[in-house]
Amino acid sequence: MGSDVRVGVVGATGALGGEVLRVLDRAPWRPDEVVALARATSHASHVAYGEEQVVVDDVEHADVDELDLLMVAVPASEARAPAERAVEAGLPVIDTSGVLMADGDVPLVVPWVNPEALTQARRQVVAMPRPAGLLLGSVLGPLHRAGLGGRCSATVMLPASSEGREAIDELSKQVVALFNSSTPPRKVFPTGLAFDLLPQIGPVDDSGFARSERRAAAEAQVLSGWRGEVVVSTVGVPLFSGTSATVHLDLDRQVPLELLSQVLVDGGLRTPEEPSPRSLPRPRKVDGHPFVHFARLRQAGDGSVQLWVAMDNLRATATAVVAAGAALLGERIA
């Protein structure tokens, strides 16, 4: 069953935009019409939406007034102009770039982590976190609602897809080039990524933290309401998709591991039925699943708690975007 709303997707030819279209196609309120928007220099003239091939329109000349909702799935450098045009037109907007959060009255929302934030969207404009913030916020949210706080430190492993389709294509070409002993392209990843790790992503501040690390910590705290410090280290890994992390928690009180596990499960996280190495959540194993998976929950001698978490960053973000869209449209799709 479809809805007669008209939804625009900025960045429809990109990795995240394409995933948004796939999730929209499976949504209970599936729009009968989507408008695929991208830069005129985009490599694709059409994108798939279910069984349809939708023409990609130039985002710079798109008439957003004719839309009922705009989903923005491009980097901040490309997001501001179309997002602001939609806001000025009074449209509901979901921004994954973070560019609109500077306005001060745009809440950061993941519907299954902090649904109450949707009521703060005065102009029906909401922002989505980056994958690292979404991953950690999904873990800390249930713990906060259970009355827990303390210090959280995490090492988050980010795949190429966290930087978009161009990064995925470059990683693929780097792999092929290195196999053939030729020079790999290094535009997105200047120092390379194939068969390697990136211990630093982007420039660092005077304290030695990268912007992506500061942003992930801030987004996790905003989403979860976590009482305590959050420290994040990000590492680039040679994977096309799938974000994972090792998380260390110094909780403000001792809680049995069985209870912590139940709190996380009740909060929407998934865990293997049997903790065998084959069943542990790995990027490839969680591919196509929208929610966070956890395993290896354990306690150190000092009482601190460690766990492993993983999610499909593209599917999780796209699912959050579509769920937020349903909430903003409300009675229009009921």
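Guide: Let us begin with R6, which forms a salt bridge with E33; their closest N and O atoms are 2.9 Å apart. Please keep in mind that this is a predicted model.

Visitor: How many salt bridges does the structure hold?
Guide: There are 16 salt bridges in the structure. One of them joins the side chains of R22 and E19, at 2.9 Å from N to O.

Visitor: How far apart are R22 and E19 along the helix?
Guide: Both are in helix α1, and because they are 3 residues apart, about one helical turn separates them.

Visitor: Is E19 buried or exposed?
Guide: E19 is buried, with a relative accessible area of 7%. R22, by contrast, is partly exposed, at 38%.

Visitor: With which other residue does E19 form a salt bridge?
Guide: E19 forms a salt bridge with R315, where the closest N and O atoms are 2.4 Å apart. This pair links distant parts of the chain, since E19 is in helix α1 and R315 is in helix α7, 296 residues apart. R315 counts as buried, because its relative accessibility is 17% and the cut-off for buried is under 20%.

Visitor: Let's change topic. In what order do the strands of the 7-stranded sheet come?
Guide: The order is β3-β4-β2-β1-β5-β6-β7, in an open sheet with mixed pairing. Its edge strands are β3 (46–49) and β7 (125–127), each of which pairs on one side only. On average, neighbouring strands of the sheet are turned by 25° against each other, with direction ignored.

Visitor: What sense does the pairing of β6 and β7 have, parallel or antiparallel?
Guide: Strand β6, residues 93–95, pairs with β7 in the parallel sense over 3 bridges. Within this pairing, I94 has V126 of β7 as its bridge partner.

Visitor: Which helices lie on that sheet?
Guide: Helix α2, residues 76–88, lies across β1 (3–10), β5 (69–72), β6 and β7, and runs at about 165° to β5. Helix α7, residues 313–329, packs on the sheet as well, touching β1, β5, β6 and β7, and its direction makes about 160° with that of β5.

Visitor: What about strand β10, what does it pair with?
Guide: Strand β10, residues 243–251, pairs with strand β8, residues 150–158, in the antiparallel sense over 8 bridges. There, the bridge partner of R151 is D250. Strand β10 is also joined to β12 (residues 305–311) by 7 bridges, again antiparallel. In that pairing, A245 stands opposite V309.

Visitor: What is L249 in contact with?
Guide: Leaving aside neighbours within four places in sequence, the contacts of L249 include L140, L143, R151, C152 and W226.

Visitor: And S138, is that residue buried or exposed?
Guide: S138, in helix α3 (residues 131–145), is buried, with a relative accessible area of 5%. A polar atom of the S138 side chain lies 2.8 Å from the backbone oxygen of L134. Beyond its neighbours within four places in sequence, S138 is in contact with W112, V113, L269 and V292.

Definitions and conventions: Residues are numbered from 1 along each chain as its sequence is written. This is a predicted model: local features need pLDDT of at least 70, side-chain atom pairs count only at pLDDT 80 or more; totals for chains, interfaces and linings use all residues. Side-chain values use heavy atoms; hydrogens and water are left out. Two strands pair if DSSP finds at least two bridges between them. Helices (H or I, at least four residues) and strands (E, at least two) are DSSP runs, numbered from the N terminus. Axes are lines fitted to C-alpha atoms, for helices over the stretch in contact, and angles run from 0 to 180 degrees between N-to-C directions. Contact means heavy atoms within 4.5 Å. Buried means under 20% relative accessible area, exposed over 50%, partly exposed in between (1.4 Å probe, protein chains only). A polar contact is a pair of N or O atoms within 3.5 Å; within protein, one must be able to donate a hydrogen and the other to accept it, and residues adjacent in sequence count only if both atoms are side-chain atoms. A salt bridge is a side-chain nitrogen of Lys or Arg within 4 Å of a carboxyl oxygen of Asp or Glu.
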